[in-house]
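Please look over the sequence and the model before reading the points below.

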Amino acid sequence: MTTIRYLFADHLSRSIASLADLDPAHDVVLLTEVAGEAEAVPHHPKKVAFLFSAMRHFAAGLAEEGIRVDYVKLDDPANTQSFTGELRRAMRRHGAERVVVAEPGEWRVLQELRAWRERHDVAVEIREDERFFCTTNDFARWWQKRRQPRMESFYRLMREQTGLLMEGEGEPAGGRWNFDKENRKPPPRDVEFTGPLRIEPDRVTSEVIALVERCYGKRFGDLEPFWFAVTAADAAQALEHFIETALPRFGDWQDAMLEGESFLCHAAISQYLNAGLLLPRDVCARAEQAWREGRVPINSAEGFIRQVLGWREYVRGIYWQEMPGYARLNGLGARRRLPDFYWTGRTEMACLREVVDQTRREALSHHIQRLMVTGNFALLAGVDPQEVCEWYLAVYADAVEWVELPNTLGMALHADGGLLGSKPYAASGAYIRRMSDFCASCRFDVRRKNGPGACPFNYLYWNFLVENRKALGGNPRLRNAYATLDRLPKERLKAIRADSRAFLEGLEPWSRP
Ligand code: SF4
């Protein structure tokens, strides 16, 4: 009996559950490049090239092992351009009676897989994705037991269960669970950053780049220079490069931003992790080892491991726990269209211009750029969460819906009513001034709170608190902010509201091409 082992673009791990017990004599591994997925949102060309090239390299590696691989390219004239259509064709080609697939990274695709059984009258086995530390069932049990579940308690549980950064008797390494307070230093002026490891495209990647240029070259995003790793071996080199050159300083400056410095001490490996080229267990183990060998301080090792072991697993758990309703939440009733500058970079606000421009060039930006610049602006301006989520899903090479949606809708936009985070990450220009050098080259004055030339983040911040008092006024973590708001002189508040109205009305909405 022939079994098709269907791999998606985020399943590129040799240890993926759908390849376990593979029988090379009878089984066929199927990988497909389908326009239905590449065009579901206008994905950044660099992201599409990365995933297609990584898929082609992974398929070639399996074939070298003697495994039968069926690979359907995007420009194959017979390609039906959908997962379901390609499965149907492959079943006929191979006379297959059974399909094995690992859990996908998107609720919509999971529904599609579940429908295969009825549509094709075929045995479909959907296997748990065991690459994560926490299964969706274990997360659901933990979530349901807690009256107010929060990331910090989940993270501690994960530390205890895995033993990562733990000393004897359940003690956290370094005597504390969390060194976040030591991870917020402002940007340094006199440090040279090496940046992530850059891999020269090989022949396969160059062919994919030409294909993507032909099909999607007019989209938002620069395809070249293309420097991503597309194999597990090169991704492992990129991880080692990060541990040697950047992790020692990552902790101190993980929230800092500098003009012209896209990565500072960030790893830029999330696209490898989310595609499966790196495994979270290996990544955390290597960071811990570097700390145990004295090459990395504890605030760096802990800050990095918290992102992978804590935050990444937590948002995945929430995604699968709360979907499909989660994608439709709009707790603050935000209805504004996404401003055009998210796709063009044409804005006089230097911080947004810098982050959008970097996103266009690299298909990556780090978490504070995403949360406190593009996310914070969308929150303050009341942009519709679905439009913001579509942008984040499209423009970042590491964006798979399970990780993108909770981070954008929940953390950046607080549209889930506080399910994921206890308060909105709303901030005035003062935060961006403290954590970056963007304000120095901006035409707006970050010290001015309102009036001509004032930084828009400043008046929009107070305007946001006024507009959302009903939803947020009772939040204990915003008590001080509302107390300050209530002390503002009436005339000042009136001016803030008028500046906000004029600014928001002047925003050019994005119109879908
Ligand atoms: Fe951004 Fe305001 Fe600073 Fe300009 S002044 S870079 S808009 S925070």
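In this predicted model, the rule finds 13 residue pairs in polar contact across the interface of domain 2 and domain 3, with both residues of each pair at pLDDT 80 or more. Across that interface the rule finds zero salt bridges. The notes that follow begin with this interface and then turn to particular pairs of residues and to the backbone.

**Domains and their interface**

- The domain assignment divides the protein into domain 1 (3-127), domain 2 (136-195 + 246-322) and domain 3 (341-505).
- Between the C-alpha centres of domain 2 and domain 3 there is a distance of 24 Å.
- Contact between these two domains involves 32 residues of domain 2 and 32 residues of domain 3.
- The size of an interface is often expressed as the accessible area that is lost when the parts come together.
- Domain 2 and domain 3 bury about 2800 Å² between them, and 62% of this area is on carbon and sulfur atoms.
- Within domain 2, the residues that lose the most area to domain 3 are Met257, Glu259 and Tyr319, which together account for 26% of what that side buries.

**The side of domain 2 that touches domain 3**

- Two helices, α10 (270-275) and α12 (298-322), each supply at least two residues of this side.
- The largest share, nine residues, comes from α12.
- By residue type, this side of domain 2 consists of 15 nonpolar, seven polar and 10 charged residues.

**Aromatic pairs**

- Across the whole structure, a search finds 38 aromatic pairs.
- One of them joins Phe154 and Tyr314, whose ring centres are 5.9 Å apart; their planes meet at 40°, so the pair is classed as tilted.
- Because Phe154 lies in helix α6 (residues 151-162) and Tyr314 in helix α12, this pair ties together parts that are 160 residues apart in sequence.

**Salt bridges**

- The rule gives a count of 35 salt bridges.
- Among them is the salt bridge between Arg316 and Glu103, in which the closest N and O atoms are 3.2 Å apart.
- Arg316 belongs to helix α12, while Glu103 is in the loop between β4 (98-102) and α4 (107-120), so the pair ties together parts that are 213 residues apart in sequence.

**Backbone features**

- Most residues other than glycine have a negative phi, and most peptide bonds are trans.
- The peptide bond from Glu224 to Pro225 is cis, with omega near 0°, and Pro225 is found in the loop between α7 (203-216) and α8 (232-245).
- A cis peptide bond also runs from Met323 to Pro324, where omega is near 10°; Pro324 is placed in the loop between α12 and α13 (341-344).
- Leu165, a residue other than glycine, has a positive phi, near 50°, and lies in the loop between α6 and β6 (166-167).

Technical notes. Residues numbered from 1 in each chain as written. Predicted model: local features only at pLDDT ≥ 70, side-chain atom pairs only at ≥ 80, totals over all residues. Heavy atoms only, no water. Domains from an automatic or database assignment. Contact = heavy atoms within 4.5 Å. Buried area = accessible area lost by both parts, 1.4 Å probe. Salt bridge = Lys/Arg side-chain N within 4 Å of Asp/Glu carboxyl O. Polar contact = N/O pair within 3.5 Å; in protein donor to acceptor, adjacent residues only side chain to side chain. Helix = DSSP H or I, 4+ residues; strand = E, 2+ residues; numbered from the N terminus. Nonpolar A, V, L, I, M, F, W, Y, C, P; charged D, E, K, R; others polar. Phe/Tyr/Trp six-rings, centres within 6.5 Å; stacked < 30°, edge-to-face > 60°.
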